[in-house]
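This report describes a pocket and the packing of helices. The structure is shown first.

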Amino acid sequence: MKTFNRLVLSLCVSLGLLSLTACQHAPTATPQAPTALATTPQQELKLLANIHEYTLDNGLKVVIKEDKRAPVVMTQIWYGVGANDEPVGKGGLSHFLEHLMFKDTPKVSSDEFSRLISHYGGSNNAYTSSDVTVYHEILPANRYALALELEANRMKNVLFKPEQIESERQVVQEERRSRTDDNPMAKAWERFSSFVYGDTPRGRPIIGSMADIEGLTMDDLKHWYATWYVPNNATLVIVGDVDKDEALTHIKKYFGDIPKGDPVPARDPAQFIHADDLNAGKGGVSERHVVIKEAVQVPTLILAWQAPTVSGLKLTNHHTADNERELLALGLFDDVLSGGASGRFAKNLVKKELVTSVYSSYDSTGYGDGFFMVMATPKAGVSLDETKRLVLDEIKRTMADPIDQKELDRSMVATKTALVFASEGVSGQADLLGMLKNENIPFGKIQEELAILPTISTDEIKNAGKKYLSDERMYSAYILPKDE
């Protein structure tokens with residue numbers, strides 16, 4: 001479901017689109033649909049009650065959420081490392097190490113790890129993103145301590161066996177082939193990211209290039225593991241049918257004796273904010289446009305404008321209540337354009353058969369500045385130039401024409417619905433709490449945003465669009481079949 005709220009959007013969209021799952025394929029629990037939509041933010045946030053936070057002496061951050069509606073427990077451990085931290089030529093380190101985390105330790109072999117989880121009716125998986133690497137298990141409530149023991153064991157005891165490294169190298173390379181090299185749109189997107197971000201971490205693929213994957217050594221992987229997989233760079237999230245005191249006792253038992261590591265390397269903010277500066281001095285809009293030819297079946301238009309995130313505002317010391325309010329207004333502008341079947345793109349372009357498809361997205365979470373994106377596919381026989389004109393005309397009409405209260409009411413309902421859905425299952429709750437904790441966002445921020453959103457005026461929404469979606473700041477790409 002499309003939603004403008006930046007926290008809920010990050011939960012429902014970002015983890016799905018920007019992540020790489022590991023080789024563990026057991027499904028996680030699927031949140032059940034709520035029986036009724038809550039009518040006030042306060043009612044919805046009762047689903048996020050009973051949250052308890054701790055920090056162990058070794059720096060491990062702990063979040064425990066008691067939810068006794070079902071006898072299951074989700075355990076997640078978030079490491080603050082991802083593709084954004086990798087040096088040039090070492091792309092894919094975080095993802096490669098994620099694979100090796102499922103291999104042997106002196107205490108548990110790779111086969112035993114999966115067999116133990118399955119034996120007790122559980123499942124496990126992991127993913128790597130630009131910012132984090134996350135491991136998770138879901139187990140019956142009377143067995144969740146097993147997940148804690150297994151995660152604590154592999155935080156420091158993974159064996160780097162040459163034969164397992166080479167085996168997983170082939171697995172990762174095949175993953176790269178199947179997901180990117182053999183996927184024309186994925187290859188096109190990789191090229192567009194490189195065009196926009198240049199030679200910065202965000203301009204490189206999370207999985208790494210084939211050359212990078214081939215060149216990673218045992219020493220590279222060991223160093224990455226020793227540097228980042230330390231308690232003071234990790235957040236443990238437990239959600240489900242647990243007692244907080246009992247859970248904390250288990251956590252201290254398994255994690256308490258792991259030594260605190262050295263402070264992890266800091267990111268260079270200059271590589272993550274003001275992406276427009278990468279093209280400063282290049283000249284006109286032509287330098288902000290790229291034609292990409294791949295073996296796609298239909299042409300695709302991509303438009304992108306740099307837009308701030310909360311972390312980007314903090315990095316530039318521009319984090320104020322007014323600026324954060326502006327981000328919420330820009331999110332509302334996104335939802336007016338692309339909020340499902342009632343959005344203006346759908347009503348004025350798709351339903352009138354002017355374009356085949358078009359949607360926008362804006363997520364103001366994540367490290368550094370982000371982008372307001374639009375993707376569209378033209379109607380048969382219509383050029384990408386004409387499709388681009390139609391899309392931009394609709395955006396500019398939205399900046400100028402009145403915005404109906406019904407459009408904003410629909411957005412509020414969508415946000416509330418997304419929050420309820422995310423909070424119904426242990427998986428969704430753990431994802432939300434882990435994301436907030438990892439980005440140092442107080443849990444109460446959701447409540448604050450839900451209270452602010454109805455107070456944002458239509459003028460604020462349109463002004464946010466005008467400020468950030470100007471022609472001068474726009475990047476564009478035409479993705480064409482190779483024979484066109």
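## The second largest pocket

On a 1 Å grid over the protein atoms alone, a pocket is an open set of points where a 1.4 Å probe fits, with protein on both sides within 12 Å along at least five of seven lines, and lining residues have an atom within 4 Å of a point. In this predicted model, local features need pLDDT of at least 70 and side-chain atom pairs pLDDT 80 or more, while totals for chains, interfaces and linings use all residues. Residues are numbered from 1 along each chain as its sequence is written, and side-chain values use heavy atoms, without hydrogens and water.

The lining of the second largest pocket comprises 25 residues, with Arg267, Tyr367, Asn438, Glu439 and Asn440 nearest the centre. Two or more lining residues come from each of strand E7 (234-240), helix H11 (310-315) and helix H16 (426-438); helices (H or I, at least four residues) and strands (E, at least two) are DSSP runs, numbered from the N terminus. H11 supplies the largest share, 3 residues. Domain 1 (51-264) and domain 2 (272-481) each contribute at least three residues to this lining, the bounds coming from an automatic or database domain assignment.

## Packing around H14

Helix H14 (residues 384-400) packs against helix H12 (residues 321-338) at about 120°, their axes being 11 Å apart. Axes are lines fitted to C-alpha atoms over the stretch in contact, and angles run from 0 to 180 degrees between N-to-C directions. H14 also meets helix H18 (residues 458-468): their axes come within 8 Å and cross at roughly 140°.
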